[in-house]
Amino acid sequence: MKKLLKIIDIIVITILVLLILLTITSFIKSKRSDNKRLQTVLGFSSSIVITGSMEPNIKPQDLIITKEKKKYSVDDRITFYQNNMNVTHRIIDIYDKDGVTYYVTKGDANNAQDDPIVFEDIIGKVIIKIPKFGYLKGYLQTPSGIISIMLIAALLIIVPELITRKKED
């Protein structure tokens with residue numbers, strides 16, 4: 001039983017640390033006023049989907065994690081920066097013109113394709129989708145959300161210690 005509690009403790013603390021890091025990076029990104037392009041940390045970025053352009057595969061309030069790649073292919077779901085917005089759509093065509101590679105994208109639920117983009121516009125390929133996590137991420141970016149994380153982390157450290165001490169007595 002003691003071993004199981006320790007394993008659960010490690011898993012929960014790991015998840016909390018990841019949530020804290022996600023919250024901190026999101027907070028830092030949200031405070032950058034000079035550029036609205038998603039910022040990457042070690043090649044990864046996260047964002048909350050706000051429109052239904054990728055439904056039914058990716059829905060509003062889903063959290064997506066993207067990873068920078070050296071190469072992108074047709075059918076990859078990517079996040080890119082275009083017209084002062086971060087957009088997540090699927091690559092439907094790739095072509096070369098005058099030595100430059102262009103990527104044509106389209107939202108799964110959209111009728112029209114987007115204007116072509118170049119490699120430098122791409123932030124990354126969608127590698128993880130967490131449904132409805134946007135609601136929690138939004139809360140975690142508020143002062144009360146940050147305090148909640150700290151309280152939960154403290155409880156997860158203190159409670160197992162108290163249980164262990166009580167069993168030893």
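Before I start, one definition: a residue is called buried when its relative accessible area is under 20%, exposed when it is over 50%, and partly exposed in between, using a 1.4 Å probe and protein chains only.

Now the ground rules. This is a predicted model, where local features need pLDDT of at least 70, side-chain atom pairs count only at pLDDT 80 or more, and totals for chains, interfaces and linings use all residues. Residues are numbered from 1 along each chain as its sequence is written, and side-chain values use heavy atoms, with hydrogens and water left out.

Back to Thr-66. It sits in strand β2; strands here are DSSP runs of E with at least two residues, helices are runs of H or I with at least four, and both are numbered from the N terminus. What does the side chain of Thr-66 make a polar contact with? The partner is the side chain of Ser-45, at 2.4 Å. A polar contact is a pair of N or O atoms within 3.5 Å; within protein, one must be able to donate a hydrogen and the other to accept it, and residues adjacent in sequence count only if both atoms are side-chain atoms.

Next, strand β3, residues 77–82. β3 is mostly covered, with five of its six residues buried. Two strands count as paired if DSSP finds at least two bridges between them. β3 runs antiparallel to β4, and six bridges join them. Within that pairing, Thr-79 has Thr-88 in β4 as its bridge partner. β3 also runs antiparallel to β7, residues 122–130, with three bridges. There, Phe-80 stands opposite Ile-122.

β3 and β4 form a hairpin with two residues between them. In that turn, Asn-83 has a positive phi of about 55°. Asn-84, in the loop between β3 and β4, has a positive phi of about 60° although it is not a glycine. For background, most residues other than glycine have a negative phi, and most peptide bonds are trans. Is Asn-84 buried or exposed? Exposed, with a relative accessible area of 61%.

Asp-98 goes on the list too: its phi is positive, near 55°. Asp-98 lies in the loop between β4 and β5 and is exposed, at 76% relative accessibility. As for peptide bonds, the one from Glu-55 to Pro-56 is cis, with omega near 10°. Pro-56 is in the loop between β1 and β2.

One more item from β4: Asn-86 belongs to that strand and is partly exposed, at 32% relative accessibility. The C-alpha atoms of Asn-86 and Arg-37 are separated by 6.3 Å, although these residues are 49 apart along the chain.

Now the surface. Val-41, Leu-42, Phe-44, Ile-127, Ile-128 and Ile-130 form a nonpolar patch with about 530 Å² of accessible area together. The largest share of the patch, three residues, comes from β7. Ile-127, in β7, is partly exposed, with a relative accessible area of 39%. Patch residues have over 30% relative accessible area and no salt bridge; like charges are joined within 9 Å, and nonpolar side chains (Val, Leu, Ile, Met, Phe, Trp, Tyr) within 5 Å. A salt bridge is a side-chain nitrogen of Lys or Arg within 4 Å of a carboxyl oxygen of Asp or Glu. The areas come from the Shrake-Rupley method with a 1.4 Å probe, and for residues only the protein chains shown count as cover.
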